[in-house]
Amino acid sequence: MALAIIGVVLLVGAAVAVGFALRGRRRWQAMLGTETSTVAELAGERATVHQLGGGGFKRIAEVTGAAAIGPVGELTSELAGLSCVWFRYEVRRRYWYTTTDSEGRTSRSERKESVAKLSSSQPFRLTDGTGSVLIEPGTLAIDHAERVVERFEPAAQAASTFSLSIGGLTFGNRGNDTIGYEYEEWVVRPDTRLYVLGEANDRNGELTVGKPADGGMFVISTRSEAELRSSAQRTQRILMWVGLAAAVVGIALLVVAAVR
């Protein structure tokens, strides 16, 4: 029975690994199949569509350039207080989790939970020398953004009334089992080079690139297209080999369990 359970778990893991590998393949294929456009080229296509009376402009596009301040102005990151065009932070509580078995013996293990996280969603601009386009990040976590905060604060350093207030959210120490808090924050500063793959449209009256309405690939990264493709292909190969190995071992264990 134990072998059969392990075999099933391995087969499920193999399916998950293959699923992630296929998703990664679609990601780099989408980048490979989309030609990089300048902002001027997108603006020209948009003007042509309107001249021909074709309605709103919309197509999958790939642009590169420098991040620039958007319509709402420069942002200030929540934890580091840095000027930026985009930020994301997360605060995790590290705590002791206690369990009791059937014989009354207790044991504890260290666990984590996210207690606060946020990505700024305000649009910013991308400039490439031919013009500027509005970038709408939504809830997307920008790939390889600059990490400006990475620290741990033990709960022992805080008083019993310890609390945190970030972005209007306040939370306390949640009991004596708290070990401490981990803080991380990432930012994109003005002039940072970006690669963007998404849907170019003018639904809001301005040329914009954002998340595709049909749920297609949406990427904003500080890495180049070549670096992203190489990383995605490498990860895909690893996941496929892991999935294959897990499937072979899982099937073997099920066969052994069946003949025993």
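## Basis and confidence

The model is predicted: local features need pLDDT of at least 70, side-chain atom pairs count only at pLDDT 80 or more, and totals for chains, interfaces and linings use all residues. Residues are numbered from 1 along each chain as its sequence is written, and side-chain values use heavy atoms, with hydrogens and water left out.

The predictor's confidence in each residue is given as pLDDT, from 0 to 100. Its mean over the protein chain is 83, and 80% of the residues reach 70 or more. Over residues 158-162 pLDDT stays under 50. For this stretch the model has six contacts (heavy atoms within 4.5 Å) beyond four places in sequence.

## Overall make-up

The protein chain contains three helices and 14 strands. Helices (H or I, at least four residues) and strands (E, at least two) are DSSP runs, numbered from the N terminus. Among contacts with a separation of 6 or more, 72% come from residues 24 or more positions apart.

Of the 260 residues, 35% count as buried; buried means under 20% relative accessible area, exposed over 50%, and partly exposed in between (1.4 Å probe, protein chains only). The chain exposes about 14400 Å², of which carbon and sulfur atoms supply 54%. Such areas come from the Shrake-Rupley method with a 1.4 Å probe; for residues, only the protein chains shown count as cover.

Strands pair here if DSSP finds at least two bridges between them.

E4 (residues 86-100) and E5 (residues 106-119) are joined by 13 bridges, and Val91 has Ala116 in E5 as its bridge partner. Five residues lie between these two strands in their hairpin, where Gly104 takes a positive phi near 85°.

## Strand E11 and its partners

E4 is joined to E11 by 10 bridges. In this pairing Phe87 has Val187 as its bridge partner, and Arg88 stands opposite Trp186.

Eight bridges link E8 (residues 146-154) to E11. Arg147 has Trp186 as its bridge partner in E11, while Glu150 stands opposite Glu184.

## Nonpolar cores

A nonpolar core is a set of buried Ala, Val, Leu, Ile, Met, Phe, Trp, Tyr and Cys residues joined through side-chain atoms within 4.5 Å. The largest has 23 residues, of which Trp86, Ile135, Val188, Leu194 and Val196 touch the most other members. At least two residues of this core come from each of helix H2 (39-51) and strands E1 (58-68), E6 (124-127), E7 (132-135), E11 (178-188) and E12 (193-201). Apart from it lies another core, of 11 residues, including Phe87, Val149, Tyr181 and Tyr183.

Leaving aside residues up to four places away in sequence, Val196 touches Ala61, Glu62, Val63, Leu126, Ile135, Val209, Val219 and Ile220.
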